[in-house]
Amino acid sequence: MVAAAFTVDLDKPLVFQVGHLEEQYQEWVHQPIVSKEGPRFFENDVLEFLTRTKWWVIPLIWLPVVCWCLSTSIQMGHTITEVAIMVVFGIILWTLIEYVLHRFLFHIKTKSYWGNTAHYLLHGCHHKHPMDGLRLVFPPAAAAILCFPFWNLIKLFSTPTTTPGLFGGGLLGYVIYDCTHYYLHHGQPSSDPAKYLKKYHLNHHFRIQTKGFGITSTLWDHVFGTLPSTKSVDKST
């Protein structure tokens with residue numbers, strides 16, 4: 001006897017439902033619901049609050065940290081020009097991390113209960129509800145946790161005086177990424193490069209979700225051969 005397929009009830013909190021989809025999860029999560037009203041994730045109000053973030057919270061919290069990091073490298077003896085070079089390198093490093101995370105972690109194939117649940121929280125919810133404006137940027141509490149491995153990664157190939165500057169550049173790259181991502185979904189750019197990036201990103205959501213993993217740049221899609229075709233996508237935002 002074949003068990004009946006699980007059906008997600010969109011009127012109830014979703015996070016602890018999606019795991020029951022098992023093998024059906026991948027197909028379900030990549031069938032977007034284009035609505036600006038996001039779903040409820042948790043029954044618990046505190047957990048639900050932690051999943052919702054206004055876009056302007058990202059620069060408000062993280063730009064002061066960026067400034068502190070850059071000023072620290074200057075206080076340690078580096079010139080403004082040297083720190084500017086660190087910032088550029090840090091931003092480029094972030095674009096690579098952005099690409100790798102999006103391609104290999106955010107789009108990992110899952111089918112177990114907890115695998116599906118974790119993936120939905122991490123990125124699946126964004127593909128299912130791509131216009132949910134309160135879940136387009138990364139919650140600051142989660143981002144703060146990820147700062148530690150990012151700092152330690154930079155320490156592997158930098159000196160104690162350059163680590164803060166490089167980290168600050170990478171963190172600035174993250175801020176640009178999150179704000180750009182929000183704008184590509186909710187802004188209406190009238191000229192390139194923003195207009196091109198919006199089309200490129202909507203292609204990823206609505207036409208070919210196995211390509212176009214960059215957000216702020218198509219650089220690494222060019223390098224690794226994952227650039228989608230230029231066919232436009234006619235989806236309202």
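Predicted model: local features only at pLDDT ≥ 70, side-chain atom pairs only at ≥ 80, totals over all residues.
Student: Where in H4 does a kink lie?

Tutor: Look at Leu63, where the kink is about 25°. The proline Pro64 comes shortly after Leu63.

Student: Which residues of H4 are buried?

Tutor: Start with the general idea. An α-helix has 3.6 residues a turn, so residues three or four places apart point the same way. Now the case here. The buried residues of H4 are Val57, Ile58, Pro59, Trp62, Val66, Cys69, Leu70, Thr72 and Ser73.

Student: What covers those buried residues?

Tutor: The cover includes H5, helix H7 (140-155) and helix H8 (163-186).

Student: What follows H4?

Tutor: Gly77 does, with a positive phi near 115°.

Student: Now the empty space. How is it found?

Tutor: Rolling a probe the size of a water molecule over the atoms shows where empty space is left. In this model, the largest pocket holds about 1000 Å³. Its lining takes in 37 residues. Nearest the pocket centre are Leu122, Phe138, Pro139, Ala142 and Leu146.

Student: Which elements give two or more residues to that lining?

Tutor: They are helix H3 (45-50), H5, helix H6 (113-128), H7 and H8. H7 provides the largest share, eight residues.

Student: How does the pocket lining divide by class?

Tutor: There are 28 nonpolar, six polar and three charged residues.

Student: How many cavities of 30 Å³ or more are there?

Tutor: Two. The largest cavity has about 40 Å³ of space. Its lining is Pro39, Phe41, Tyr120, Cys125, His126, His129, Asp132 and Arg135. By class, that gives four nonpolar, two polar and two charged residues.

Student: What lines the second largest cavity?

Tutor: Thr95, Glu98, Tyr99, Gly214, Thr216, Ser217, Trp220 and Asp221. This cavity also has about 40 Å³ of space. Helix H5 (80-105) and helix H10 (219-224) each supply at least two lining residues. H5 gives the most, with three.

Student: And what classes make up the lining of this second largest cavity?

Tutor: Two nonpolar, four polar and two charged residues.

Technical notes:
Residues numbered from 1 in each chain as written. Heavy atoms only, no water. 1 Å grid on protein atoms, 1.4 Å probe; cavity = no way out; pocket = protein on both sides within 12 Å on 5 of 7 lines; lining within 4 Å. Points joined across faces, edges and corners; volume = space filled by probe spheres on them. Nonpolar A, V, L, I, M, F, W, Y, C, P; charged D, E, K, R; others polar. Helix = DSSP H or I, 4+ residues; strand = E, 2+ residues; numbered from the N terminus. Bend = angle between axes of the 7 residues up to and from the residue. Buried < 20%, exposed > 50% of the residue type's maximum accessible area, 1.4 Å probe, protein only. Contact = heavy atoms within 4.5 Å.
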